[in-house]
Amino acid sequence: MMRSLSTPCAVLALAGWCVTAGSSRGVSAPLVAAELARQKNPIPASEESVKAGRTVYSRFCRSCHGLQGKGDGVTAPAGSKPANLVDATWDHGGTDAQIFKTIKEGIKRKPPADPPYFMEPWGGKISDEDIWNTVNFLRDLAKRAAAKK
């Protein structure tokens, strides 16, 4: 009798856990996006940070995004359209944290993509600190581009 009572209880507990785990995934994805939108850059936009970001950008980003960040780099993959990083529109989120995420995780191609978006993830190649510094550099670059208009 004890065994027959414990089996339904175990099944019920497992089912409850599965429902809870499944529903938390559905809730947590928007919460992660909301949290990402609120997260602040932990590195202040100082002259040193912008300079460090410029160095990272020159080494890893300039070849595709161009010297001025306009998406006109000379060695972008054939058929790709690198993002203009100094215009007012950020296709993959414009907060510092969203830009950080885009740099770290990259952009996967979703065929048929028009324009064809793809950016390799840089998280395994450059440090989080370097990515945050690059975000500060991109903000400075965009501010300078806007001032020239």
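Helices α3 and α4 are oblique to each other, a word used here for angles that are not under 35 degrees (roughly parallel), not over 145 (roughly antiparallel) and not 65 to 115 (roughly perpendicular). Their axes cross at roughly 125° and come within 10 Å. An axis is a line fitted to C-alpha atoms, for helices over the stretch in contact, and the angle runs from 0 to 180 degrees between N-to-C directions. α3 covers residues 96–105 and α4 covers residues 128–148.

Before going on, a word on the source. This is a predicted model, in which local features need pLDDT of at least 70 and side-chain atom pairs count only at pLDDT 80 or more, while totals for chains, interfaces and linings use all residues. Residues are numbered from 1 along each chain as its sequence is written, and side-chain values use heavy atoms, with hydrogens and water left out.

Now the overall layout. The protein chain has four helices and zero strands, where helices (H or I, at least four residues) and strands (E, at least two) are DSSP runs numbered from the N terminus. The order of elements from the N terminus on is α-α-α-α. Of the 149 residues of the chain, 28% count as buried. Buried means under 20% relative accessible area, exposed means over 50%, and partly exposed is in between, with a 1.4 Å probe and protein chains only. Contact means heavy atoms within 4.5 Å. Among the contacts in the chain with a separation of 6 or more, 54% are accounted for by residues 24 or more positions apart.

Back to the first pair. Which residues of α3 meet α4? They are D96, A97, I99, F100, I103 and K104, and on the α4 side they meet D128, I131, W132, T134, V135, L138 and R139. For the classes, Ala, Val, Leu, Ile, Met, Phe, Trp, Tyr, Cys and Pro count as nonpolar, Asp, Glu, Lys and Arg as charged, and the others, Gly among them, as polar. The buried residues of α3 include D96, A97, I99, F100 and I103. After α3 comes G106, whose phi is positive, near 75°.

Next, α2 and α4. The axes of these two helices come within 7 Å and cross at roughly 100°. That makes α2 roughly perpendicular to α4. The residues of this contact divide into six nonpolar, five polar and three charged. From α2 the contact has S49, V50, A52, G53, R54, V56 and Y57; from α4 it has D130, N133, T134, N136, F137, L138 and D140.

Not counting residues up to four places away in sequence, N133 touches I43, S49, A52 and G53.

N41 lies between α1 (2–38) and α2, and is buried, with a relative accessible area of 14%. A polar atom of the N41 side chain lies 2.8 Å from the backbone nitrogen of I43, and one lies 3.4 Å from the backbone oxygen of W132. Leaving out residues up to four places away in sequence, N41 touches D96, W132, V135 and N136.

Last, two residues further along. H65 lies in α2 (residues 47–65) and is buried, with a relative accessible area of 10%. The side chain of H65 reaches the backbone oxygen of A83 at 2.9 Å. H65 and L85 are 20 residues apart in sequence, and 7.4 Å apart in space, C-alpha to C-alpha. S80 sits in the loop between α2 and α3 and is partly exposed, at 21% relative accessible area. The S80 side chain reaches the backbone oxygen of P77 at 2.6 Å.

Conventions
Polar contact = N/O pair within 3.5 Å; in protein donor to acceptor, adjacent residues only side chain to side chain.
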